[in-house]
Amino acid sequence: MEPEIITVGLDGSPESLAAAHWAADEADRRQSVLRLLHAWILLAAEAPDTPADRDQNAGARQIVRRARDEVRTRHPGLQIIEDLVGSEAEAALLQAAAESQMLVLGSRALGVWESYVLGDVSLDVVGRAKGPVILVRAGDRAKPPGQERADDSTPAPDARVVVGLGLRGPCERLLAFAFDAAASRGLPLQAVHGRPLPVHAYTPWGIDPDAEKELTKEADIELRDAIRPWCERFPEVLVQQTVLPESPTRALVQTVFGAELLAVGRRLHRPLLAPRVGPVAHAAIHHVTCPVAVVPHD
């Protein structure tokens, strides 16, 4: 069986270089092939024997080669494919996402206002990709497989994979991705669910503790039932359940600090006029600092 491919989109930015390092670590961990992709609609068709001084694609090649050379220093044995595509970036990345185990992209931090009014290629691709898309900020460079972040070679106390679950419908692809990510890293998995309190839980003197306790207990049972089959399938993964009487977005942002990876879902089939990316995934993309995996599912 041929190894699967992990594709990283490159544009020459520090964020895309950080994404290349993250993707290389992941490909090494999974024994996959790393595909370094740069798409530019103005790429020129050239003969194989074109002299270097007449290479109109020299800048594009340099973007890919720089990423290749940096990745090679940490992963000398990794199989790498260099790919220049003469196409619009969004179309090329969507095609790559359909062909790959996962697609990895750089993500730029945005301000509170910008995060809700600006779109970019990464967000468009996340909203349309058929496979998992991982967004990595500049500086998110994990250590090579087999090494941990702490100086004493032990994992950070709070190192874990976090998955945000909505429980309003099946989310098997999201759970499969999250459990597999935790197992491949040898890390615990924290399953987080946020559920706002009903109106009757609020009283003139504050929150009714009985109503809060009842809601949390009910949600905790639902969460346990949702992840039970996956706990049985991945017995080596230590699972922690977290249920908060908060909106799903607030619950996730409050609990994700220190995580190695956050996995959130995106419904493939949404109402006609609804945004392609839901509010929880949207908030995670713009406000969570660790790598974020957006996994489409039914």
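Let me start with helices H1 and H2, which are oblique to each other; on the convention used here, angles under 35 degrees count as roughly parallel, over 145 as roughly antiparallel, 65 to 115 as roughly perpendicular, and the rest as oblique. Please keep in mind that this is a predicted model, in which local features need pLDDT of at least 70 and side-chain atom pairs count only at pLDDT 80 or more, while totals for chains, interfaces and linings use all residues. Residues are numbered from 1 along each chain as its sequence is written, and side-chain values use heavy atoms, with hydrogens and water left out.

Two packed helices are described by the angle between their axes and the distance between the axes. For H1 (residues 14-30) and H2 (residues 58-74), the axes come within 10 Å and cross at roughly 40°. The axes are lines fitted to C-alpha atoms, for helices over the stretch in contact, and the angles run from 0 to 180 degrees between N-to-C directions. Helices (H or I, at least four residues) and strands (E, at least two) are DSSP runs, numbered from the N terminus. The H1 and H2 crossing is right-handed, where right-handed means that the near helix is turned clockwise from the far one by less than a right angle, and left-handed that the turn is anticlockwise.

On the H1 side, Leu17, Ala20, His21, Ala24 and Asp25 make the contact, and they meet Arg66, Ala67, Glu70, Val71 and Arg74 of H2; contact means heavy atoms within 4.5 Å. By class, the residues of this contact of H1 with H2 divide into 5 nonpolar, 1 polar and 4 charged, with Ala, Val, Leu, Ile, Met, Phe, Trp, Tyr, Cys and Pro taken as nonpolar, Asp, Glu, Lys and Arg as charged, and the others, Gly among them, as polar.

Pro248, Thr249 and Leu252 of H8 make the contact with Pro279, Val280 and Ala283 of H9, and the residues of the contact of H8 with H9 comprise 5 nonpolar, 1 polar and no charged ones.

Stepping back to the whole protein chain, there are 9 helices and 12 strands. Of its 298 residues, 45% count as buried, where buried means under 20% relative accessible area, exposed over 50%, and partly exposed in between (1.4 Å probe, protein chains only). Among contacts between residues at least 6 apart in sequence, 80% join residues at least 24 apart.

Now to the charged pairs. How many salt bridges does a search of the whole structure find? The search finds 16 salt bridges, each one a side-chain nitrogen of Lys or Arg within 4 Å of a carboxyl oxygen of Asp or Glu. One of them joins arginine 30 to aspartate 180, with the closest N and O atoms 2.6 Å apart. Arginine 30 lies in H1 and aspartate 180 in H6 (residues 172-185), so the pair ties together parts that are 150 residues apart in sequence. Arginine 30, at 19% relative accessibility, counts as buried, whereas aspartate 180, at 27%, counts as partly exposed. Glu26, Arg29, Arg30, Asp180 and Arg185 are linked in a network of salt bridges.

Glutamate 90 and arginine 128 also meet through their side chains in a salt bridge (2.6 Å, N to O). Here glutamate 90 sits in H3 (residues 89-99) and arginine 128 in H5 (residues 121-128), so the parts tied together are 38 residues apart in sequence. Glutamate 90 is partly exposed at 21%, and arginine 128 is partly exposed at 39%.

I will end with two single residues. Arginine 195, in the loop between strand S7 (189-194) and strand S8 (202-203), is buried, with a relative accessible area of 17%. Not counting residues up to four places away in sequence, arginine 195 touches Leu167, Leu215, Glu218, Ala219, Glu222, Leu244, Pro245 and Glu246. Glutamate 212, placed in H7 (residues 209-233), is partly exposed at 28%, and with the same exclusion touches Leu197, Ile207 and Pro245. Glutamate 212 and leucine 197 are 15 residues apart in sequence and 6.8 Å apart in space, C-alpha to C-alpha.
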